[in-house]
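User: Could you walk me through this model? I would like to start with how the chains meet.

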Amino acid sequence: MYGSVGRCLRVNLTEGKHRIEEIGPEDQEKYLGGRGLGVKIFRDEVSPEVDPLSTDNKLIFVSGPLVGTGAITGASCNVITKSSLGSTLACAKMRGHFGAELKFAGFDMIIIEGRAEFPVILSIIDNKIKLEPGLEYWGRTTSETEELFKKNLGNQWVSRETFLVSIGPAGENLLPLATIINDRFLSVGGAGIGAVMGSKNLKAIAVQGRHSLRVADGSRFVQVINTMINKLNSAPLTSQSMSQWGTAFLVGLCYQKGILPQNNFSTGILSLKNIGTEALNSAFALRSRSCFACPVGCIKKTELKHPGYEGQGMVPTYLAIGSLGVNCGVNDLTTIGMASMLCAEMGLDPVATGGTLATAMELIDNKAASPEELKFDLRFGNGEEMLRAIRLMATKKGHARRLGQGARALAAAYNRPDLFMGVKGLSLAPFEPRAIQGLGLHFATCNYGPHHLYGNTFIDELLNAHEKLDPWDIEGKPQLVKDYQDATAVTDSLGLCSWPLMGLKFKNYVPLVNSCLGTSHSADDLLVVGERIWNLERLFNMEAGFSGADDCLPDRFINEPVQDGPGTGQISRIPEMLPEYYRLRGWDDQGVPLPETRKTLGLENS
Amino acid sequence: MARIKIDHSKCTGCRHCEIACSLNHVQNTANPRRARIRVMRDRNRYYPVIAGPFVDAACTSKLFVEVGDLQYDMCALCRASCPEKPYFIEAETDIPLKCDFCGIPPSPSCVRWCNSGALELVED
């Protein structure tokens, strides 16, 4: 087998035992690996009705077959479990170096079962698999955990090569908003996974190893990568915008089309003076950082200077500026940077946390809740109070318990469920769905809740990288959404990042896959695999209790047009697009995959 | 003579050079521990280090050097594979490794894949 290692580590925390298993080649052919294979195994082994925090839930870490082979942007490790926030299937994408190191340690996949009696750390270092006592690390932030673990290894050369994924205090306290952090990067779409890891009393996983990965045709593979690097360098979005400012360059573009939401998706007017790319340049000295084998380098590090903290931090990404900043009315980059850093230290998901805070702010704004009841003076634009709330939320100290349960629970507690801006229990990523119709349809139908990175339609809708489409128009959008959802399922399953689709077409990946894995797939073959994975996830969610009725956006987006800003008058036209989307997917009018669709995709028995 | 110039301030730590080297020297194989270039991480900075000659004894040179307000760990930046440091030792054969300046022209494989500008081929 090329690319993959073909081995899986199964750890039962209740018994404290582990077992090494082979991964069957048929599954790998049908689902490629990564997200697809993880979902397949999770669905085979775990009942969809499982309580996310019970011992029966499992946690799967899986690296795709292209991770670590040098395939460009092949760094992503997927984490699959049932989310404790939305009760859907959850699939986080971990960036950085963990995924590649997991394969060098000799495994494609780690399956975590049961629950340890005391906090533990799973360490796979130099071929030795151990469960180490983790009491010493419990209660520490993610960066403290990482530093202390590396110090305790006692060998600076081994610790330099070791990579950790850990949970912060938020995950330990079983907060549904908790996510997992690796190498101080926030993982994407991880809301609800931190609590699952915390419920298993697993503080961290450390990997290091020296296994070799085989590729099928090395010389062709090297040539293909040379071509792909040249392609990325000649595309302005990847070579300039992304590598200069990271995803933060989207702020200005989104604002111009009315896509940047403000004050819990209620208004669209703001000044870019404080948060645009120019402000970013003057606020921070940017230093690029890359995930494994990435020629783009969109992660920006900097020295943060804030009255409460001075030191290393991340430059806020679009997600942080949108969710923790503008959508909470905060437009000061240093505060947003602090909030983003606190989320990474505490192990909180920025989208879910930002959504919760914005909901709390609107509750207070509408006088549905008083600041005294919430114990926080959370008003739109009050950055300092927001930072205090984030700190207390994660540690469950003070009176932040209600906030920590997430936006939906908070809105319901004050009888205003209409103020929860989210789908399937998860908060919306910061894109105004009324002003970008295709992405709105994706948010409504996505299996993992409304997150843009599972169907990056704005690459065509807003950035016009491959096709010139208008974000406010619905012409051809259902097809676009389906194509992007399938393509992302494929890139995730291979272990590649989906951002380079800005500079590369999906078909450019085909020679990379074939030369690495020794296969002879065409682009259409791969997209069929993507569709199979999408349908499999859909089936899991349906069995878990979701139906076509959950494929909708909050009433605000369907009934109230945008009142101000560049997108004035726009309204989400989901009801017009949904039937067409179901038809293209081969689902009935309730959104259930038809028997013939299941048959063509080879899912009739699953 | 052509040389590889390293500008560590540009390095983003993607380690693509390590894999380039490994694929070029060991057929169809990707493994950073079989590469002749490694990226050392020191807090928030990355330093690409190219394997130099093998030495069979530990050295007596100064461990930390301060330039401006930055402190450099000279042992980590040292190019030699030596008994003190398990770097640049082939993962499967345990043979010490040394850069053989592969792939001229147009440039060595690590330089070709370095997209950040940290590695550069210069003539002087």
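User: How many residues of chain B are in contact with chain A?
Analyst: In this predicted model, 27 residues of chain B are in contact with 26 residues of chain A; contact means that the C-beta atoms, placed from the backbone, lie within 7 Å. The model is read with local features at pLDDT of at least 70 and side-chain atom pairs only at pLDDT 80 or more, while totals for chains, interfaces and linings use all residues. Residues are numbered from 1 along each chain as its sequence is written, with chains lettered from A and ligands numbered from 1 in the order written.

User: Which element of chain B gives the largest share of that side?
Analyst: Helix 1 of chain B does, with 4 residues. Helices (H or I, at least four residues) and strands (E, at least two) are DSSP runs numbered from the N terminus.

User: And how do the residues on that side divide?
Analyst: They divide into 10 nonpolar, 10 polar and 7 charged. Ala, Val, Leu, Ile, Met, Phe, Trp, Tyr, Cys and Pro count as nonpolar, Asp, Glu, Lys and Arg as charged, and the others, Gly among them, as polar.

User: Which strand of chain A pairs with strand 2 of chain B?
Analyst: Strand 13 (residues 213–214) of chain A pairs with it in the antiparallel sense over 2 bridges; pairing requires at least two bridges found by DSSP. Leu213(A) has Ala30(B) as its bridge partner.

User: Changing topic: in what order do the 3 strands of the open sheet in chain A lie?
Analyst: The order is 14-15-16, with antiparallel pairing. Strand 14 (287–289) and strand 16 (309–314) of chain A are the edge strands.

Note on methods. Contact = placed C-beta atoms within 7 Å.
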